[in-house]
Amino acid sequence: MTGALWLAACSTPPAADGDEEVEVAPSTPVPATPSTPGTSSPPPFVLTPPGPSTGGVSPPPPTLPLPTTARFVRSPWNSLPGWHTDTVEDTWVAFQRNCDAIVARAGKTVATNASAWVATGPWMPVCAAAKDLARRGPQAGQVRRFLEERLEPWVVGTARGDAVTGLVTGYYEPLVQASRVQGGVYQWPLYTAPADLLTIDLGSMYPELTGKRVRGKLVGNRVVPYDSRAEIENSPQRPPAIVWVNDPVDAFFLQVQGSGRAELVDGPNRGGVIRVAYADHNGHPYVSIGKWLVDQGQLTLAQASMQNIKAWARANPGRVREMLNANPAMVFFREEAVNDVGDGPRGAFGVPLTPGRSIAVDPSIVPLGSPVFLATTYPNTNQPLTHMAFAQDTGAAIKGAARADMFWGFGAQAGEQAGRMKQPGKMWVLWPRGSAPQSAR
């Protein structure tokens, strides 16, 4: 859509049965070259360009035909554009964490509603060898050699073996200003999951619906849909709030992202920062408030940016709840400590996301926990962005072959990059030698 961009929501949030329209105007220029320290310019890599620059506004999403069937095709390492210029040593800590999660899962029963994870068997000797190398301390070049000797690439391709060109978007962890208590400007709650919220696993009754869940509540002896956003806000028994935020649009977009940090600038624990991580949602479909404002004639499509939505809310305080309630979906959170300011929230794979190295994928195609090599371009440019990452998250809008959503990290700068990210990309799954990855659908 011209003049607006779509922020994908991950960390397994549902807000997400769609993406929010929002244009993020840059406060700093987009780098013309990769900003990763220690890398040289990668070899030429050509994808369908995202279109001409529109002055900080993301171009319309490229039309990328996604096949209904996909498969993994074995590929040589030298077929990965930019592999030899990627600073793969930077992934070593993330690789260890990824291995720890795989090893911890070995022998455990997989819940029927869980996303597809990597098969643990082929990874056990690889992870054991990686742990031994980490104990000894890898020297220069050893990480790359380890990866090349222990793993091999499999391109996400079509049935004919052609690489699929998918879509790569971005998400991030925003910061909001909040208080532990309601009062003054702090009027917009971030709720914990309600005690009466039921999650029904349809796969337990109907195998063909494995992975499908519905949410509701018990009324008498009947299960009915859970309350909408408006019904929750108007209920005399609302869920407990973790914090109260000072800006309704900030609170809304934190729900779109699925996780964020809250700076406690007033009330108890003032001066602290906590993480509000995705816990659950009410099961209602997501509706864009930007689209609602356009439909109401309050903004044009080109004006449907976060900044203009905030300006409209300030100018129309009496209609803010009407705007928010146009979206019946509600995300619930849990509080977590921020133990390492450089780490992101825990994704669907259960490990903290690594900025620039963690992606959300469609787990029906790429199993969670898979190391991948991603070949795309920097936001709103044709400059190659080619490096190793880890499939550690999911999102309701992340569907299809070679579809990825890159986690850019925390804060405003990460938000600017994530907001502009809507680039074509290709993907290789990196799998233990001697075994084939689970079949892509």
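**Figure 1. Overview of the predicted chain.** The protein chain holds nine helices and 19 strands, and the coordinates shown here and in the views that follow come from a predicted model. Of the 441 residues in the protein chain, 54% are buried. When contacts between residues at least 6 apart in sequence are considered, 80% of them join residues at least 24 apart.

**Figure 2. Close-up of the largest nonpolar core, with Met 427 among its members.** This core has 93 residues, and the members that touch the most others are Phe 95 and Met 427. Once the neighbours within four places in sequence are set aside, the residues in contact with Met 427 include Trp 154, Val 155 and Val 156, together with Ile 359, Val 361 and Val 366. Met 427 is also in contact with Val 372, Phe 373 and Leu 374, and with Ala 402, Arg 403 and Ala 404.

Figure 3. The strands follow the order β7-β11-β6-β12-β13-β14, and their pairing is mixed. Because β7 (188-191) and β14 (331-337) stand at the edges with a single partner strand each, one side of each of them is left without a neighbour in the sheet. From one strand to the next, the twist averages 45 degrees. Strands of a sheet pair through backbone hydrogen bonds, in either a parallel or an antiparallel sense.

Figure 4. Strand β7 runs antiparallel to strand β11 (residues 241-245), and four bridges join the two. Within this pairing, Leu 190 stands opposite Val 243 in β11. In a regular strand, side chains alternate between the two faces of the sheet. Both faces of β7 are covered, with Trp 188 and Leu 190 buried on one side and Pro 189 and Tyr 191 buried on the other.

**Figure 5. Close-up of strands β13 and β14, with Glu 336 in view.** Strand β13 (residues 273-281) pairs with β14 in the antiparallel sense, over seven bridges, and Asp 280 has Phe 332 in β14 as its bridge partner. Glu 336 also lies in strand β14. The relative accessibility of Glu 336 is 18%, so this residue counts as buried, given that the cut-off for buried is under 20%. The side chain of Glu 336 is joined to that of Arg 334 by a polar contact of 3.0 Å. Apart from its neighbours within four places in sequence, Glu 336 is in contact with Ile 274, Arg 275 and Ala 277.

**Figure 6. Close-up of the disulfide formed by Cys 99 and Cys 127.** The sulfur atoms of Cys 99 and Cys 127 are 2.1 Å apart and form a disulfide, and the count for the model comes to one disulfide. Since the torsion about the S-S bond is about -80 degrees, the disulfide is left-handed. The pair links distant parts of the chain, with Cys 99 in helix α1 (residues 92-105) and Cys 127 in helix α2 (residues 123-136), 28 residues apart. Both of these cysteines are buried.

Figure 7. Helix α5 (residues 248-257) is mostly covered, with nine of its 10 residues buried. The buried residues include Pro 248, Val 249 and Ala 251, as well as Phe 252, Phe 253 and Leu 254. At the N-terminal end, Asp 247 caps the helix through a side-chain oxygen that lies 2.8 Å from the backbone nitrogen of Val 249. Just after α5, Gly 258 takes a positive phi of about 95 degrees.

**Figure 8. Close-up of Ala 375 and Leu 80.** Ala 375 is found in strand β16 (residues 371-377), and its relative accessibility of 0% means that this residue counts as buried. Although 295 residues separate Ala 375 from Leu 80 in sequence, their C-alpha atoms are 7.9 Å apart in space.

Methods
Residues numbered from 1 in each chain as written. Predicted model: local features only at pLDDT ≥ 70, side-chain atom pairs only at ≥ 80, totals over all residues. Heavy atoms only, no water. Core = buried A, V, L, I, M, F, W, Y, C linked by side-chain atoms within 4.5 Å. Buried < 20%, exposed > 50% of the residue type's maximum accessible area, 1.4 Å probe, protein only. Contact = heavy atoms within 4.5 Å. Pairing = 2+ DSSP bridges. Axes fitted to C-alpha atoms, helices over the stretch in contact; angles between N-to-C directions. Disulfide = S-S within 2.5 Å. Polar contact = N/O pair within 3.5 Å; in protein donor to acceptor, adjacent residues only side chain to side chain.
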